[in-house]
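Please look over this model before reading on. The notes below take the DNA strands and the pocket in turn.

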Amino acid sequence: MPKRLTKSFFGRSVLAVAPDLIGATLLVNGVGGRLVEVEAYHHTEPAAHSFRGLTPRNAVMFGPPGFVYVYRSYGIHWCLNFVCEPAGSASAVLIRAIEPTEGLATMRRRRGVTEERLLCSGPGRLCQALGVTSKHNGLALDAPPFELWARQGAVEVVAGPRIGLTKAADLPWRYGEKGSRFLSKPFAG
DNA sequence: TGCCCGATTAACT
DNA sequence: GTTAATCGGGCAA
């Protein structure tokens, strides 16, 4: 049987947690699937929301690991993050793409598209498909409506530069499942 | 206070 | 390939 990921899983280096999340299963109210693409963010690099210090928006990032940080992107979309490392480190993993496995009909209704590959392939898309909004900001990952299960068996993880950044764009902190057709963008090489 | 811009997406040409 | 939608943070004035 699969194992639930608890807060101790997240209380490690964000660069260790991020690749370990590939292949894990995330459900929100029973809707979701396998994580196939994530990105790491650390307060010491300027692309992170926490880089300039604590604000009302990023406060959850400065709290303990294993909690959810949700922010509004471009005034339109929601983006889902998992807080990592000991409290105060202000690091997090952005969830960028999911392979849908549970609640496909609900996702299609929320997204307004039928093609499976377009349901969760992107940070904004997966939040819409899973019904994630600001009301989830600050909630614990090991309690309802969230369920997070460790991956079973081996997963081949690849890394590359993060997407959509103008700062610290060279850091190879994007991780994904090799060859997955549900990535928001393929990995080079 | 005002202005610029972003961890995006979809609908254009 | 380009652009609009839309809003809060950061910084200049």
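The numbered points that follow describe the model piece by piece.

1. This is a predicted model: local features need pLDDT of at least 70, side-chain atom pairs count only at pLDDT 80 or more, and totals for chains, interfaces and linings use all residues. Residues are numbered from 1 along each chain as its sequence is written, chains are lettered from A and ligands numbered from 1 in the order in which they are written, and side-chain values use heavy atoms, with hydrogens and water left out.

2. Start with DNA strand B. It is surrounded by 19 residues, the closest being Tyr71, His77, Asn81, Gly124 and Arg125. (A residue is near a strand if one of its heavy atoms lies within 4 Å of it.) Of the DNA strand B atoms that come within 4 Å of the protein, 55% belong to sugar and phosphate.

3. An N or O atom in the side chain of Arg96 is 3.2 Å from one. For a polar side-chain atom of Arg111 the distance is 3.0 Å. Gly124 uses a polar backbone atom, at 2.9 Å.

4. S3, S4, S5 and H4 each give two or more residues to the surface near DNA strand B. H4 has the largest share, three residues. (Helices are DSSP runs of H or I with at least four residues, strands runs of E with at least two, numbered from the N terminus.)

5. Asn81 deserves a look. It lies in strand S4. Is it buried or exposed? Asn81 counts as buried because its relative accessibility is 5%, and buried means under 20% relative accessible area with a 1.4 Å probe, protein chains only.

6. DNA strand C has Arg52, Thr55, Arg57, Tyr74, Gly75 and Ile76 around it. Sugar and phosphate make up 68% of its atoms that come within 4 Å of the protein. A base is also reached: a backbone N or O atom of Tyr74 lies 2.3 Å from a base oxygen of DNA strand C.

7. Last, the largest pocket. On a 1 Å grid over the protein atoms alone, a pocket is an open set of points where a 1.4 Å probe fits, with protein on both sides within 12 Å along at least five of seven lines; lining residues have an atom within 4 Å of a point. The largest pocket holds about 710 Å³ of space. Its lining has 28 residues, with Tyr71, Ser73, Tyr74, Gly164 and Leu165 the closest to its centre. S3 gives the most to this lining, four residues.

How values were computed:
A polar contact is a pair of N or O atoms within 3.5 Å; within protein, one must be able to donate a hydrogen and the other to accept it, and residues adjacent in sequence count only if both atoms are side-chain atoms. Grid points are joined across faces, edges and corners, and a volume is the space filled by probe spheres set on the points. Buried means under 20% relative accessible area, exposed over 50%, partly exposed in between (1.4 Å probe, protein chains only).
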